[in-house]
Amino acid sequence: MAKARVKVPKTAKAGEIITIKTLIRHKMESGNRKDKKTGKLIPRHIIDKFTAKYNGEKFFWADWEGGVSANPYCSFTCKVDKSGEFEFIWHDEKGEEYTAKAKITVA
Amino acid sequence: MSRKVSMNGRGRKRAAVVASLLLAAGLAGYGASSAMACDACKGKYEVDGRKSGYLFATKETQSIQDDDFINPGMLWVEKGRELWTKVEGEAGKSCASCHGEPESLRGVYPVYPKYDPKTEKLINIEQRINRCRTEQMKAKPWKWESEPLLAMTTLIGYVSRGLPMNVKIDGPAKPFFEKGKEFYFKRRGQLDMACKHCHYDFAGRYIRADLLSEGRGGGAFPAYRLKWQKIGSLHRRFKGCNKQIRAEPYKPGSDEYVNLELFVKWRSRGLPVEVPAVRR
């Protein structure tokens, strides 16, 4: 039940550096916790790859490991030259992908 | 293209831990509240000398609460909105069928728990939601601390954000208030401590690396605790406190905790509703 939220400015000037904020709802189970009732390890289940694309071009990406908190927040900056669409992809270890899109108009 | 990364995962937690350790080293034994928070935001969170837990949180934690986008508790608000219009139960109703927009319930959160003539005891928000479900919607009540109940409680708290806490403690609620007060001052557990020992006598001082708050969490819960990595109810916090003094905790939703909730919310009177607050 992952749910993504992104915050991208609607407009920007050409060459401006903008800040992008992203947050996704995910339990990010580290694989080190034990089930209190059974005493067994809860299998690891995390988002291991985050990718940001602009007009289809991959420009920012990160590999996440077990130490990242639940509901991970990630913010980064980028310089925009022309109008277009951002696409954010969170890749889950179990192969699931969550995506979010945001448009920006560059004047 | 230039890029810069700031991650709010482990790094954030480690930063908070380091910050609190540094503070602990520098200020242990002194009233440390002066080190907390900017003066401008203090006004909102301090009423007649009563301080919200916000002022006992680190700057890093405060900044997560201040920004609605970063605040992970907002995810539960959104979830609550989804559930608001979901039709469930035999009556074929959703919350929206009777109440319209969630905003129509602004002002409900600060006055609970209150006396309920039907059961002749106190009823809090969670129990009130479940009563709506069983009586109006003819649906199954949600379990305590379950996702949907937390989400709905968070939503109802959220729409009252900024309003001052204002519970009634006179009239029929008085005996329950007295019971809650008794609970607060009664020693319990292997450590033989009462709530008041930490949150009344030693508020603003350190217990190991943790800064003790005044225990005025009435307007904050359900709050997102970084330790829990999710939203949790006030009763879950009570349970945690009871466990820490090695006492057998009561069940969430038990009469004892609802009475205590009234007392704690009265202690928070005048403080703004902060749901979903963020705490360490």
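**Figure 1. The open sheet of 5 strands in chain A.** The strand order is β2-β8-β7-β4-β5, and the pairing is mixed. β2 (11–12) and β5 (57–63) of chain A each have a single partner strand, so one side of each lacks a neighbour in the sheet. Strands of a sheet pair through backbone hydrogen bonds, in either the parallel or the antiparallel sense. Strand β4 (residues 47–54) of chain A pairs with β5(A) in the antiparallel sense over 6 bridges, and A:K49 stands opposite A:D63 of β5(A).

**Figure 2. A:M28 in a loop of chain A.** A:M28 is found between β3 and β4 of chain A. Its phi is near 45°, a positive value in a residue other than glycine. Most residues other than glycine have a negative phi. A:M28 has 20 other C-beta atoms within 10 Å and therefore counts as buried, since the cut-off is 20 or more.

**Figure 3. The largest nonpolar core.** This core has 64 residues. Those with the most contacts inside it are A:I47, B:W76, B:L155, B:I156, B:A223, B:L262 and B:A277. Helix α7 (residues 147–158) of chain B gives the most to this core, with 7 residues. In soluble globular proteins, nonpolar side chains tend to be buried together. Leaving aside neighbours within four places in sequence, B:L262 is in contact with B:P113, B:L122, B:V167, B:I169, B:A173, B:F176, B:F177 and B:G180.

**Figure 4. Helix α4 of chain B and what covers its buried residues.** Helix α4 spans residues 74–84 of chain B, and its buried residues are B:L75, B:W76, B:V77, B:K79 and B:G80. One of these, B:W76, is also among the residues with the most contacts inside the largest nonpolar core. The cover over the buried residues of α4(B) includes β1 (3–7) and β3 (16–25) of chain A, together with α7 and β9 of chain B.

**Figure 5. The open sheet of 3 strands in chain B.** The order is β9-β8-β10, with mixed pairing. β9 (230–232) and β10 (278–279) of chain B stand at the edges; each has a single partner strand, so one side of each is left without a neighbour in the sheet. Strand β8 (residues 223–225) of chain B and β10(B) run parallel and are joined by 2 bridges. B:Y224 has B:V278 of β10(B) as its bridge partner. B:Q229 lies in the loop between β8 and β9 of chain B, and its phi is near 60°, a positive value in a residue other than glycine. B:Q229 has 15 C-beta neighbours inside 10 Å and so counts as partly exposed.

**Figure 6. Two cis peptide bonds in chain B.** The bond from B:Y112 to B:P113 is cis, with omega near 0°. B:P113 lies in the loop between α5 (95–99) and β4 (114–116) of chain B, and is one of the residues in contact with B:L262. The bond joining B:F221 and B:P222 is also cis, with omega about 0°. B:P222 lies in the loop between β7 (210–211) and β8 of chain B. Most peptide bonds are trans.

**Figure 7. Confidence along chain B.** Chain B averages a pLDDT of 86, and 85% of the residues score at least 70. Confidence in this chain is lowest in helix α1 (residues 10–27), at a mean of 40, and highest in helix α8 (residues 174–185), at 96. Over residues 1–37 of chain B the pLDDT is below 50, although this stretch has 59 contacts in the model beyond near neighbours in sequence. Where pLDDT is low, the predicted coordinates should not be read in detail. The model scores ipTM 0.81 and pTM 0.82.

Terms used:
Residues numbered from 1 in each chain as written. Chains lettered and ligands numbered in written order. Predicted model: local features only at pLDDT ≥ 70, side-chain atom pairs only at ≥ 80, totals over all residues. Pairing = 2+ DSSP bridges. Helix = DSSP H or I, 4+ residues; strand = E, 2+ residues; numbered from the N terminus. Core = buried A, V, L, I, M, F, W, Y, C linked by C-beta atoms within 7 Å. Buried ≥ 20, exposed ≤ 12 C-beta atoms within 10 Å, placed from the backbone. Contact = placed C-beta atoms within 7 Å. pLDDT = per-residue confidence, 0-100.
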